[in-house]
Amino acid sequence: MSATEWQSVSRQKRLEPRASVLIESLRDIGYSLQTAISDVIDNSITAGAANVELLANTDNNNPAIGILDDGCGMLESDLLEAMRPGSQSPLEKRPDHDLGRFGLGLKTASFSQCRCLTVVTRRCNKTSCAVWDLDVVAKTDEWYVEIPDATFNIPWSDRLGGNGTLIVWQKLDRLIDPNDNADTRNLVRQLDEAVSHLELVFHRFLAGEPGLKRISISLNGRDLIPFDPFHSRHAATIYGPMEVIKLRSQKVQVQPFTLPHHNKVTLQEWDRYAGAAGYIKNQGFYLYREKRLILHGTWFNLARQSELTKLARVRIDVPNGMDAHWKIDVKKSSAQPPAPVRDRLKKIIETIGATSKRVYSSRGKKLTSDNQLPVWARKQNKNRIFYDLNLDHPVIARFMNTLDEEQECEFERILALIESTIPIDTLFADISSHPANVKTRDLDCKEFSHLVRKTFCALKSGDVCNDEIRLMMSSAEPFRSNWEATEELIREIEGGNET
């Protein structure tokens with residue numbers, strides 16, 4: 001039986017989803033407060049807003065969150081369509097720079113945080129208002145949106161200009177403990193986290209770029225400061241070449257960046273650009289859809305996050321016409337690269353990884369190669385790298401010459417114990433998170449003086465000339481970083497003809 005014949009004898013029955021059930025299910029798509037606010041701000045930017053105000057009332061028993069913009073606003077017919085769940089198909093072609101996706105964002109983002117969504121909008125000084133109250137939907141089991149006669153009792157409605165839109169969230173049951181409605185500490189904490197999130201997600205809009213309209217976003221009057229994850233204005237940041245990948249007549253732009261080594265930036269800058277998760281977790285691809293950040297800190301399973309590539313970050317720009325190819329989700333917080341792009345990204349990783357490794361390890365290599373008096377010897381056996389104490393160091397060697405055979409064997413066992421118990425995991429963790437804070441132990445004046453004299457005399461006993469001794473000691477710690485004091489002690493030794 002053909003499909004046409006089957007349809008001719010089949011029956012059709014309308015099965016509308018139960019409003020009270022579906023609308024509660026829509027609340028659990030997976031939004032956080034950060035991603036929910038971001039999704040609503042997408043609408044403000046698409047509406048041409050220059051200013052977006054986040055408004056939060058956390059001081060009483062009726063807390064609320066507002067998002068106010070000065071965009072083009074809507075007429076009532078447009079507002080009712082915008083309040084419809086699934087107002088636009090994701091298959092429809094969207095205008096360039098439209099940040100929308102499924103026609104669900106306003107509703108699902110709002111419902112994920114509150115039980116009462118109010119939208120007040122004004123276009124050409126004509127005001128329209130609509131309210132989704134989930135308690136009403138649960139009670140009636142119908143898709144009833146309320147149209148208030150007046151807006152004077154709606155928080156912040158008096159701040160709406162001639163054109164613009166105000167979104168108000170009330171009944172914040174997902175943000176405030178329903179058993180303690182006066183405790184808004186969780187709400188305050190999440191708002192602070194949302195600010196950091198918005199400063200990253202919309203940093204290109206906040207900073208302004210050629211061809212991109214600059215916008216202002218604030219929270220209760222405090223302006224958000226754009227956070228550029230590539231530290232692109234720093235002189236030590238390395239720009240990789242821009243690459244264009246064509247896919248079905250559309251373009252994907254890819255540009256790698258290598259962040260400055262920690263000795264090239266201040267401690268405050270190093271901590272800021274590490275982000276809350278640290279450099280290792282924040283390395284990788286940064287995917288932007290129409291200049292809005294979608295996803296960051298991932299290699300899309302094409303490479304591992306490692307210490308030596310932690311300074312590598314890659315910006316990927318895609319147009320909104322590639323949403324389906326990248327499998328961008330409703331929350332606009334996850335994506336997967338299509339196969340042709342994925343193959344090219346894998347090759348790009350090899351190049352940028354090498355640059356990051358070179359920047360991060362070059363300082364260490366330089367110190368090792370220049371040091372003519374290494375205390376530690378770096379050794380490699382196949383894929384295993386380990387560190388041994390350098391028994392040829394003049395101070396160590398001279399001391400061992402004073403020992404008898406039994407004492408020398410015991411001393412070598414002690415050194416082996418030290419070598420086998422280097423706290424590599426702890427060092428790795430500390431250097432990864434706070435490299436500028438990891439220091440060697442300081443020697444007091446007496447210890448330092450003794451070490452200078454012992455080293456000088458040990459080298460002198462090997463028939464090394466004074467100039468060569470100076471050169472060797474100036475390349476080694478702790479003398480190099482304290483060279484002025486070291487040289488003064490050497491002059492004293494030379495003057496006293498110490499042996």
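I call a residue buried under 20% relative accessible area, exposed over 50% and partly exposed in between, using a 1.4 Å probe and protein chains only. The model I looked at is predicted, so I took local features at pLDDT of at least 70 and side-chain atom pairs only at pLDDT 80 or more, whereas totals for chains, interfaces and linings use all residues. Residues are numbered from 1 along each chain as its sequence is written, and side-chain values use heavy atoms, with hydrogens and water left out.

**Entry 1: aromatic pairs**

I looked up the ring pairs, where rings of Phe, Tyr and Trp (its six-membered ring) pair if their centres lie within 6.5 Å, and where planes under 30 degrees apart are stacked, over 60 edge-to-face and the rest tilted. The structure holds 14 aromatic pairs. In one of them, Phe227 and Tyr273 are tilted, with 5.2 Å from centre to centre and 35 degrees between the planes. Phe227 sits in the loop between β7 (222–223) and β8 (238–239) and Tyr273 in helix α9 (residues 267–274), so this pair ties together parts 46 residues apart in sequence. For the element names I rely on DSSP runs numbered from the N terminus, with helices being H or I of at least four residues and strands E of at least two. Both Phe227 and Tyr273 are buried.

I then turned to Phe285 and Trp299, an edge-to-face pair at 5.2 Å centre to centre and 80 degrees between the planes. Because Phe285 belongs to strand β11 (residues 284–289) and Trp299 to the loop between β12 (292–298) and β13 (312–318), the pair ties together parts that are 14 residues apart in sequence. Phe285 is buried at a relative accessible area of 0%, and Trp299 is buried too, at 4%.

**Entry 2: around Tyr288**

Which residues form one aromatic cluster with Tyr288? I found Phe230, Tyr239, Phe257 and Tyr286 in that cluster. Arg204 lies over the face of Tyr288, 4.7 Å from the ring centre; for this I ask that NZ of Lys or CZ of Arg be within 6 Å of the ring centre and within 35 degrees of the ring normal. The side chain of His203 makes a polar contact with the side chain of Tyr288 at 2.7 Å. A polar contact here is a pair of N or O atoms within 3.5 Å; within protein, one must be able to donate a hydrogen and the other to accept it, and residues adjacent in sequence count only if both atoms are side-chain atoms.

His203 lies in helix α8 (residues 203–207) and is buried, with a relative accessible area of 6%. Apart from its neighbours within four places in sequence, His203 is in contact (heavy atoms within 4.5 Å) with Leu198, Pro226, Phe227, Asp228, Pro229 and Tyr288.

**Entry 3: the seven-stranded sheet**

I traced an open sheet of seven strands with mixed pairing, in the order β4-β3-β5-β2-β1-β6-β7. β4 (126–133) and β7 stand at its edges with a single partner strand each, so one side of each is left without a neighbour in the sheet. Two strands pair if DSSP finds at least two bridges between them.

Strand β3 (residues 116–123) pairs with β4 in the antiparallel sense over eight bridges; Thr118 has Val131 in β4 as its bridge partner, and Arg122 stands opposite Thr127 in β4. The two strands form a hairpin with two residues between them, and Cys124 in the turn has a positive phi of about 55 degrees. Seven bridges join β3 to strand β5 (residues 164–170), again antiparallel, with Trp169 in β5 as the bridge partner of Leu117. Seven of the eight residues of β3 are buried, so β3 is largely enclosed by the rest of the structure.

**Entry 4: salt bridges**

I counted a salt bridge where a side-chain nitrogen of Lys or Arg is within 4 Å of a carboxyl oxygen of Asp or Glu. The structure holds 24 salt bridges. Asp42 forms one with Arg292, the closest N and O atoms being 3.0 Å apart. Asp42 is in helix α3 (residues 33–46) and Arg292 in strand β12, so the pair ties together parts 250 residues apart in sequence. Both Asp42 and Arg292 are buried.

Glu209 forms a salt bridge with Arg204 at 2.7 Å between the closest N and O atoms.

The side chains of Glu307 and Lys310 meet in a salt bridge of 2.9 Å, N to O; Glu307 is buried at 11%, and Lys310 at 0%.
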